Structures are given as C-alpha cells and as structure tokens.
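Please look through the following structure from the whole chain down to single contacts. The text after it goes into local detail and then steps back.

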Amino acid sequence: MAPRRYFRSSIDELERLFESSKSDPSVLNELREELSLRDRPRSKALARKVADQLAALGQPKPTERMALAKQSTPNVSAPNGSKTKPSAPSYTANSPRPPSNGGISSNPPLAVPIEQELSAPAKQPKPAAPVDFSDATPQFAPEVETKPGPDSVLAAWLTLEVLTPQALPDARELETIGRTLVRLDEYPEPWSERRFWKRGKERTVHWMVYLGELDLAKATEAILKTYPDDAVDERANVRGNTTLAVMVVDSQGRPVEDKTFLSSFAWGYGQVRASRLKGLAGFSEAERTIKAELERRLIRQDEEGKIFPLTNSDIVQAIGWLTKVLNLPEEEVLRPGVAIRVPQWGAYNEAPEPELLNSFFIDDLVKARTAFGSGQIGQPLAAYMGMAPSRERQDVVQDKDIVAKTLAPNRTPLTRWPGPGRYPLVLMQQAAINHSVAELANGGMAAVNGPPGTGKTTLLRDIVAKVVLDRAIAMSKFDKPVQAFSHVTSMKTGQAYTHLYQLDESLIGHEIVVASSNNKAVENISREIPSASAIADDLDPPAQYFQSISDAVAAGKGSIEDGATWGLTAAVLGNSANRSAFIQSFYWHKKRGMARYLKAVLGGDQPEAEDDEGEEDDEQKVLDVVTIEQPPRSEIEALERWRTARRNFLAKLKVVEALQKQAQAGYEAVRQRPEAARRADDAARALTTAEQALASAAEKEEITKHLHAKAADAEHKAMEDRAAIDRMRPGFFARLFWTRAYREWRDRIAEAFEVLKKARTQMHTAAEAEQKAAQELLAAKKSVSSSELEKQKADHALAQIAVTIAALRAKAGANFADEMFWAQEDSSLQLQSPWVFEDWQKARDALFVEAFALHRAFIDAAAKPLRHNLRAALDVMKGRVLKEQQEPARHSLWASLFLVVPVISTTFASTARLFGPLGREQLGWLLIDETGQAVPQAAVGALWRARRAVVIGDPLQIQPVVTTPPKLIRSIFSEFGVNTEEWAAPEMSAQTLADRVSWFGTDILTDDGDIWVGSPLRVHRRCENPMFKISNHVAYNGLMVYGTPLGVSPIGKVLGESLWIDNPAADAIGKWSETEGKWATDLLRKLLDAGLEDPDIFFITPFRIVAHKLREMIRSDRSIVDRLPGKAWEWTRDRVGTVHTFQGKEADTVVIVLGAPADGSSGARRWAGHPPNLLNVAVTRAKRRVYVIGKREAWKDAGAFSHLAQMLPVLGNAYTDADRLSLNCEKK
C-alpha cells in the first residue's frame, strides 16, 4: 500500500481538493484511496462523488482487495502472522501466578486451553520513529461570548459540567459487562500480551487507553483553597482518579482515527488554576484542537501506510505533553494510567467510546446552545427556560372551580391503568392527569408536585395507558398494518441486509421515556409497569401482552419465573450494561426472544420438540415463546387476527365513548342546573306578571267598553235633542225679522250643536280607548301564552336536567360531583373521585386490554417490516452509526421499538448516549420522576428531544447533590451575568424550574417564603402518624391530606410507639456519638432477639461519618452479624446510610441517628435542620414507626427538628442498660 499522501488533510481540505482537481485522474485516484480508509458520513459522501467523477473520465474501478482467509482451525495467529499451535503458558497450575489483581480486574484465564479458539493480532508494523512532544505549552481557551438570557444560562451550566469530575471506571462493574481493567505499569502494551488476544466467540477487541491519572481529591482540595466551601464535610465526596485523555486503539494497539477523548475536568482544572472561568464553556472546541494535536503525533504510518501501534514510550510522552498543555501540576499526575479491554461479539461493531470520562450533559448542552441560536428549540425546553408565553397562575387549592372544570369527564382519558383492586384515582391525581393531557395536546411541559406517598407511579401508569390508546386508535385506521411502513433503504448486517422502513406519521409521537437523575427511581417504575402485581387479576379477558418475552426480560440472566409479569410494556435501558441485557433477553433469547417469535410469524421457525434427554443448559425446561404465544402461521391468519382485534377494539372504544358522553352529560347538567333553575324561576315570574297584566287589561277593556257605550248614549241623546230643537225652528218671517223667538231658538240650537259635538268627541275618545284596551288585552293574552310556553320550556329543561342528574347520580353515587360534593371539607374532598362510576371504569379497563391486543395483532400482521426495523433499532442502540442515506429512518427505528415496548427508562446521564442523534421533539412523551433531585442542566437534553414532558417531583425532598463549591458556582454564574438563585443548584432543581412556569398549581408557605408548585398531589398514603403530621407540618404547611390505611408493625410490637431516645451525653468525637451508636445497635439486637430475622428497618443519619461509624459498629458486633440475613456488609450498605441514600425508598421503621450532640456542632445541626428537606425525607421513609436517637436539648432548636422534638414522646434520661432494652417511655 502506498503512503497516504492526504492522511493529515481534513475533510474540508479534501472537498476543496476535489473541486479543484475534477479533471486530474491521478489526484482523484489518490483521493479515492484516502477516502476508502475513512468512515465518516462526509468522507463517504465525497468518496461517491470521486467515484462518479472518475467514471465520467473513463477511469476503471479499483481492483478488489482479497479478503484474508478465515481460520477454521483452533490454531493461534501469532504476532508474526505464522500459524502456530497455542503454546503452554510460561507457568504451570502449581507455579506462582501474577498477583491476584495482576492489573486485571476481571481475572481472565491466564492459561488459555488449547481447545479454546484464540485470535492474535496480525503481523505488527515495524517500530515507528519517536514522537515529537517537545512543543508542549499550556493552552488556554478564549472567553466565550454569550447572549443575555437562555444562552448565558446554558453556558453557565455547561461550565459547571466541564468541572464535574468522573472517576475511572470501577473494575468490578466492568467485569459484569465482560470488560477488563489493566494497569499499564504492569502491562505496558497489553494488546501485545497473548492472554489478552481475541478468544472464544469474540469478533473483535478494542482497547481504551487512559492516558495518565489525576488525583481528584487533590485537585478538589486545590480548587477549595481558592473557592472555600463551609459545608465541605457533608458535600458529596470526590473520590478516585480521573484521566487526562482516552485514546481508543484496535486489537494490535493501533489508534483509531477520531476516537480520542479529552477529560473535561482535567482541562477545566487547568483553566481554573489560571483563573480562566469564562473560557470553560469552550471545552468542545478545545477538545477538538487538543485531540487533533494528539492524534497528529500518535497516529503514524509506515512506508506502506499502515498505522503504528502505541508504545509504552508513546503513552508516557503523551501524558507529559498533556500535563503541560492542560496546565496541570506535575506532582498530581500519575503515570502511565490504565487500559480497558473491550471485546465485541456483534456482526457489526463500532470502535467503543468511554462512557465514564466527562459529564454526560456536555454534548447536549452544546446542542441546546446551538438550537437556541438557530431557533430550533422545542416546546418543552423553551417552556423550561422561561421562553414560552406566560399565563396567569390559577391556585387549585383556593379555586375549586378550576379543578372542577379540569375534572370534566370529557377531559378524562378514555382508558386508564387497571391496577390491583381497580381503585379510581383521587381528586388531584386525576386533575393532574387531565391537566397534563390537555396542556400537552400540542406539545409543551406540565409540572406535577408529588410528595412522598402520593401515588406518582400510579399517575404515570395512567399516562402510559392514555398514550398506548392513542397509538392504538392510529393503528385502527389501517386495513393492513404493513401499509404503515414504507421502505427507505437497507444496511448490511453480517452476511445479510437489514431493510429500514419509514413508519407512518400517525404512529410516531407515542414514544414514552421515563427519565430521572435517580437510577433506582426509573428502574423501579420500569420494573413495576410490566409486573403482574401492577395489574388487576380479575380482568376478563386478562391483560397479557407478550408475557413470555416480558418474563424473560424481567429475569435477565436469572431463572425465568413464568407469570412474574403481565406484558412487555417497559424496558430498563440507559447504561451499556442495561442496554446489552435488554437486547439479549428481549430479542436474542434462545427460547423467548422476539426474534424467534417474529421468525415464527413469518413461517421460518417451529417450536422444538421436547427432548427428554436433551443436553443441559441454562434454558432447559423453559417453554418456547412460540409454544406459549401461539403466533399466526400465515399472512392470511395474521390479517384475520388483525381484523378481529380491530373490530373488538373499535367496539370497546365505542362503548367507552358512549359512557363518557353520559358522564359528560351529567357534568354539564350540574353546571347548567343553576342557570336552568334561574331561567325557570324567571319564566314563572314572567308568567305571573303577564297574567297580572292580562287581568288588568281585561278590567281596563271592560271599563272602556262601558265608557264607550255611555258616550254613545250621550251622543245619541244629543242628536235627538238637536233634532227636536231643529224641528222647533221658527218660520220664514221669524227668521227674516230676527224675532225673539228665532233668536232664542238659534241660541238653543247652537247649544245643542255644542252638546252634540262634545258628545261625539267623547264617543270617539271612548271608542279609541276601548279599541286600545282591546288591543292591550289581546297583547296581554299573547304575553300570557308566550310566558306559559317559556315556562313550559324552562320547566322541561330543568326537568330534563333533573332526569340526567338523577340517572348519573344513581350510577356515580358519592362520586356525583354536584354543589354539595364540592362543599365537602377539604380533607374529605381530596379523597373523592368525581364522576367515576363502575360501568365506565370497567369499560375503560376493557379498552386498555383491547388496546394491547390490537398492538399484538398489529405486530403480527406487520412482522416483516417490523422485524427489520427492530433489528436495526437494536444495532443503533448498541452504537451502530447510520450512513447518510440511512439517517432519515432513525426516528422510525426508535418508534418501531416503542411500538413493541411502549416505555423505555433511562437516567439523564445516559440520555445522550442512548438516543444520540435523535433531535428536537423526536420523542413523543418524556415522564421525569424525582425531578427535585436533578440539577437544572441535567434535564436539558431529554427535554430538547421531547415533544411533551410531564415533570414530577417535590422541591421539599432531597435537593440536588452538587460537588462544585458554592463560591465557585457563584463566580462562574457571575462571569455570564446569571443569577445563581434563579438557575443554579442546589437551591434550584429541574423541578423548581418546571414548577415556576406552570400556571396550574398552588403556593406552599415556608419559613423562607412561598414556593409555587405545579399541580399538587395531596393525598398521602404511605406514612402513619406521627410521621405524616411531622412531614405535613415542617414541609407542606398542612397542605397534605392523610389517607394512610392503618397497618400492623412487627417492629412496633417489639419496640413500642414512635419516640425520641434522648442522649444527654456529650461524648461525641466530631459528629459521632458512641452512645447513640450503642442505642441503635441495641434496638437492632432487640429485634433479632424477638425473632425478626430480617427486620424491615433503616438507620438514617444526616452525616456521612455517623453512617460510616454505625456500619462499623454493627459489623463488629458478632451477636448481630451472625444473625443478619446474607452478608453483614451488604445488609449495612442497604440499611444504614445518610438521608440522601434513602431517597425513594421506604421501610416499616426508621431509626434516625442524629449525632452532632456537642456544642461545637451547632453549625452542622443548623445545616441539617434548614431547609426542612432532610427531615422531611428521613421521616417519610418510615411507614409505621420512627425512633429518633440524639441529644434533644441540642437539636430542639435546630430548624425543622424543633417540631420533631415537640411531636415525639421522650425516653427519660435516667436509664440503665436494662432500661435501654426495655424502652420504657416516659414524658419529660
């Protein structure tokens, strides 16, 4: 092979060279040779352009290289390339072996049996010339320019994460995933050691070389000298060593291009030493520069273009160069470091990357800054950063009407999770779900405040049921499930090809990720969801969804317990060990794997006949998935099953919709009843008024008629009088001579005319009055008729409402949410479930079962494309890099996995590595648990990838653990103009950021001011009193409602009621009191004496030294150790510790060993008692009893502990050893 002329050229330079040399075949051929050795997407894209251009120029294709022949014998390939039979090791079974650790953590076999297939590295290149590291000078990053607002906050968070140390991987943990830790001072070049060559079924081996070690304790101590920390004694310990950089090499020790990684802490420590805080956010750019320089020096080629392997000298010199470049103290850097052997077994294996080198959040914070700069920020992260439009806050405690509206039946999801007993959710649980679903209809973030014991897991399961139903409804639109898949491209897998399919858009967006900073929290949820104990056992038909596969996933490497789970509904992923275990048990399990099932659906597999004399293996007697699940045996059968499942599903959906409509009608009837009653009253009053007006009009009409008649009579008489006078008119001569008689007659006739005129006027007036009265009477009659009709309508409407209400009241009973329902005392109201009735709940449960049945039928009918997508998704999960033309399928690959397994859990720390290139809003639902423990920056990557986020936690439990000194945090944030009180842990957490932008919530009053929390869950069902009362007082200002059913405490029967065991002595050494330790061990001994072999008890303390000393005291007491279940070390590890270690756990009884009794420990007591979070968590771990051991006089004024002292009876201070064991309680 010719030397690589363009080996050191960047892809940008190669692209420019191509553009300028399109007509030069010689340059193009050299480019083709160089690009054939690169596997980055841009390199491959350029290689295609070069090939096309050469073809256009008439150049022939390059001759195919002959592949090395595969070795079919167990012979070993020696370093020189010759075939040799494995020679015996240089030591025998009886001869001295290397030290027990031998520099190797997993104790691999030192002597490889001849029968075992081994593969050694191929022929080694000739030694390389020495590397030139003479130009080492400190490199300092320039100050990072930021924009005010989210960009500055993200930069400050990024800076903190750069300074977050990560210790070297634990050797024992590496063993569990088949990796080996080797110390380079014992094996300077381990890849050349025979014992580490490829063996067995390993397809390839890589090494991660950790260049040097930096003592974290010393580095932290140096930082603390500049940025002192008052609470350093109780701040999380920074232990172990980190490295300066990691370089990945192949099985022969040859560096892999673009697989060098810089330690952010080592780099950041050097920047802090130089007071370059604002440059720390530029770590990514610094890493690119330094690793390029490192690779330029260490990736060297011989005359044939082959890369030289690393030598011990290379490693030592590289460490020296890094020490100077990173501005590290020589005395704090240890040489030469370690290497981790990484075997790989898959058909397609990428070179590995170190998982525990830098903060897990750096890459995502860089992506988020870029997203903000380009406007590509998603709704959840925008809301989290305070960028979403604000809405006026609604206090759900003070405003019952907003809660009532939220609980309208048509806002309640059509299905629910049918848990054991099928109990309904209580008021604020259902309100939180309804609010979240409505708030997130088009994306965004909703916050839920979930104190201990308030049913957070139950709430999360109902959200899971709702999302699964949404996808089932989308599925039901397809006549044939295969119509939901469209082919995109393919990728080579081993000797075959895996096809990649685009999933229909309607089936995307239903992915559910459960995430947290607390590894146990997410594991617990993901293990509970599929558990048989999480589902009702009286469902007909029962809920079963790939139960046999789910049982195998739950068992892991253990024995399968059939029926332990009900369905394949959740997977614990996150770190590489979890991912590997899931892939193996879910897909590749020999008898229970999904691969076997799908192959059977496609007609390619049959269940093996039972063999009474079959060979023994771990899976003997395990029933086959095909036998248990009975998949369809043809496409026709699969489609028929699909049509049946779809008919059943749609029928159940129709039933639920009808019942929900009934419930909504009842809700609307109650909401409408006051207005309807008002209208009926108004109509009745209007009718009365109309009737009164009618009577008045009738009377008036009668009067006017009489007056009209009277006027007519008067007129008639006047006319007659005038006529009579007219007939008496004098003759012609009387008129001619104007005689007296004529003059008198003339006067009389004139008077008669006036009388007649007046009578006629009065008659006309009376006639008009009568006509008007008649019209008014007619109008009054019409008004009465109209009022009667309106009253009839109003009465009918009110009657219909009454009928609707009566019908629903008969179904809902006490859950019928009318005015009287909402007028209940709050302590009673919070325990209710408005609008719930049995038929509706059962229908919702049945729909839940049918939704999963529909998923199962869909998977069967779409087995072919889904099988390919699942295989590709699992390869991607293992780290396979998709090519440019394959990348559009990534979202569908993940969606296909979620279609089969609806819920995937991960820690925030593993989110970036798990989902990698998945971008903005490409995960449908993010459910974050125990968010109050998460530093604000931890959630950024998950929120950015999510379309909808439900954030659940409690700011009044354990605050986020921060290792960075507060003074340094303040200095960093000040550099970026960011207020630590608004954006920095421990005062702020991911939960507080989510809460403060939630409009649906309430205020919790504390001594430090009001804390606004999102949708509060208020019914507590874990702790009995006095634990509940203590927690409710010190943390929640009485907001919580007691709902714990009373139970029996075996420990309480022995030790009595909860109390404070006073230790008036001041015998402490620091915070440790031996007297208090003896009290604690006496309690444990008393329980063991009473026959409680494995008492459900925790010993909790605020202080690490007290926990450590108490563990030692218990382990050293043979009267206790000999009777503890299992190993004393494990029992004390799990049962004795600081408050922080017990977050998310619970036990029958908790013993709080306070310590710090001396006057000189007043500061420690104040730290423990304020804020109340520590005490709140400590007491709410106990379900039935709590015993406090400590100096009451010293602790009674220590913040929240003052209330604890008031609440608990006290064991007197005059006692003997016998008294100590009897626990006779007396009030002081």
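**A threonine and its surroundings**

Leaving out residues up to four places away in sequence, Thr-1044 touches His-1020, Arg-1021, Arg-1022, Cys-1023, Glu-1024 and Arg-1184, a contact being heavy atoms within 4.5 Å. This is a predicted model, in which local features need pLDDT of at least 70 and side-chain atom pairs count only at pLDDT 80 or more, while totals for chains, interfaces and linings use all residues. Residues are numbered from 1 along each chain as its sequence is written, and side-chain values use heavy atoms, with hydrogens and water left out.

Thr-1044 sits in the loop between strand 22 (1041–1042) and helix 34 (1050–1055); helices (H or I, at least four residues) and strands (E, at least two) are DSSP runs numbered from the N terminus. Its relative accessible area is 7%, so Thr-1044 is buried (under 20% relative accessible area, with exposed over 50% and partly exposed in between, using a 1.4 Å probe and protein chains only). The side chain of Thr-1044 reaches the backbone oxygen of Cys-1023 at 2.8 Å, and a polar atom of that side chain lies 3.4 Å from the backbone nitrogen of Arg-1022.

Helix 39 (residues 1162–1169) has Ala-1164, Arg-1165, Ala-1168 and Gly-1169 buried. Seen down the axis of helix 39, these residues fall within an arc of 125°, so they line one face of the helix; the arc is that of the directions from the helix axis to the C-beta atoms. They pack against helix 40 (1173–1179), helix 41 (1192–1195) and helix 42 (1201–1207).

In helix 15 (residues 519–528), the buried residues are Ala-521, Val-522, Glu-523, Ile-525 and Ser-526. Their cover includes helix 14 (456–475), strand 14 (512–516) and helix 17 (576–588).

The largest nonpolar core has 238 residues, and Trp-157, Phe-582, Phe-586, Met-594 and Val-900 have the most contacts inside it. Such a core is a set of buried Ala, Val, Leu, Ile, Met, Phe, Trp, Tyr and Cys residues joined through side-chain atoms within 4.5 Å. Helix 20 (residues 635–727) gives the largest share of this core, 13 residues. A second, separate core of 71 residues includes Val-1034, Leu-1124, Trp-1131 and Ala-1168.

The secondary structure of the chain comes to 43 helices and 30 strands. Of the 1228 residues in the chain, 53% are buried.

Note on methods. A polar contact is a pair of N or O atoms within 3.5 Å; within protein, one must be able to donate a hydrogen and the other to accept it, and residues adjacent in sequence count only if both atoms are side-chain atoms.
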